[in-house]
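Student: I have a protein model open and would like to learn how to read it. Could we go through some features one by one?

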Amino acid sequence: MQAFFSSLSSQFYISFVDQNRWQSYLKGLGVSFLVTAGALAIGIVIGILVAICRTAHDQKKGKVNPVLSVFNRICIIYTTVIRGTPMMVQLLIMGFVVFVSSRNLIGIAILTLGINSGAYVSEIIRSGIMSIDPGQMEAGRSLGLPYSTVMNKIIIPQAIKNVFPALGNELITLFKDTSLVTVIGLTDLTKAAMQIQARTYQAFMPYLCIAGLYLLCVMIMTKILGTVEGRMRKSERR
């Protein structure tokens, strides 16, 4: 038993303390958070636009605008392709085909994960929009408000409240999926552990560490999201 703990202590020193390797983990974690935040922002923007386009098309009665039909078809193809292909494959295509000459790996990672997230966010928000009583849209339109105003001021805020738990789950999934950006060479938290493992020939401690860091971050995110959701529910009851 003493030999076991002595071995763990030695591995810990080699993987963290020696040559200030702990700084590599912190830098990698910072990159993971940066990619998550940027991708989530892009995903929410794309998701809202796609959800509004598809909902507007589905809610049209009678003759549908041809331009809207084209955009709706594009949105359907986008969500089908993105949701039907692995994120790792999308990263490889973006990193080594589309942006093969670019060395802005963080930008490529943010854009790719944002586009991927947008497909899932669009379905989440679309389900939230469809859950709102159609009478609210009809009431707004009967008052002379434009469709865009009713959607932006009345429907979307309520829809986001309804789907906030699902959006929070998407944030957590997105954060964990940042580990895939190692395939394009970006030094995130997972890549940092892989580099340390390659230098020290110690795999147990680096990988156990990043597993713990991912778990800790997810637990903190879950707590924060739960607090925000609780406050949103309280504001609805007032």
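Student: Where is the place of T36?

Tutor: This is a predicted model, and in it T36 sits in helix α2.

Student: Is T36 buried or exposed?

Tutor: The relative accessible area decides, and buried means under 20%. T36 has 3% relative accessibility, so T36 counts as buried.

Student: Which residues is T36 in contact with, leaving aside its neighbours within four places in sequence?

Tutor: Those residues are L171, L174, F175 and T178.

Student: How many aromatic pairs are there?

Tutor: Rings pair if their centres lie within 6.5 Å, and planes under 30 degrees apart count as stacked. The count comes to 2 aromatic pairs. For F33 and F175, the ring centres are 5.2 Å apart and the planes stand at 20 degrees, so this pair is stacked. F33 belongs to helix α2 (residues 22-59) and F175 to helix α7, so the pair links distant parts of the chain, 142 residues apart.

Student: What forms one aromatic cluster with F33 and F175?

Tutor: Y214 does; the three residues form one cluster.

Student: At what angle do helix α6 and helix α7 pack?

Tutor: For a pair of helices, look at the angle, the distance between the axes and the handedness. Helix α6 (residues 134-142) packs against helix α7 (residues 147-177) at about 145 degrees, and their axes are 10 Å apart. The crossing of α6 and α7 is right-handed. On the α6 side the contact is made by Q136, M137, G140 and R141; on the α7 side it is made by Y147, V150, M151, I154, I155 and Q158. These contact residues divide into 6 nonpolar, 3 polar and 1 charged.

Student: What is the phi of Y201?

Tutor: Most residues other than glycine have a negative phi. Y201 has a positive phi, near 60 degrees. Y201 lies in the loop between α8 (189-200) and α9 (204-237). With a relative accessible area of 70%, Y201 is exposed.

Student: Where in the protein is confidence lowest, and where is it highest?

Tutor: Where pLDDT is low, the predicted coordinates should not be read in detail. The average pLDDT of the protein is 86, and 94% of the residues score at least 70. Confidence is lowest in helix α1 (residues 2-17), with a mean of 72, and highest in helix α4 (residues 87-98), at 94.

How values were computed: Residues are numbered from 1 along each chain as its sequence is written. This is a predicted model: local features need pLDDT of at least 70, side-chain atom pairs count only at pLDDT 80 or more; totals for chains, interfaces and linings use all residues. Side-chain values use heavy atoms; hydrogens and water are left out. Axes are lines fitted to C-alpha atoms, for helices over the stretch in contact, and angles run from 0 to 180 degrees between N-to-C directions. Helices (H or I, at least four residues) and strands (E, at least two) are DSSP runs, numbered from the N terminus. A crossing is left-handed if the near helix is turned anticlockwise from the far one by less than a right angle, and right-handed if clockwise. Contact means heavy atoms within 4.5 Å. Ala, Val, Leu, Ile, Met, Phe, Trp, Tyr, Cys and Pro count as nonpolar, Asp, Glu, Lys and Arg as charged, and the others, Gly among them, as polar. Rings of Phe, Tyr and Trp (its six-membered ring) pair if their centres lie within 6.5 Å; planes under 30 degrees apart count as stacked, over 60 as edge-to-face and the rest as tilted. Buried means under 20% relative accessible area, exposed over 50%, partly exposed in between (1.4 Å probe, protein chains only). pLDDT is the predictor's confidence in each residue, from 0 to 100.
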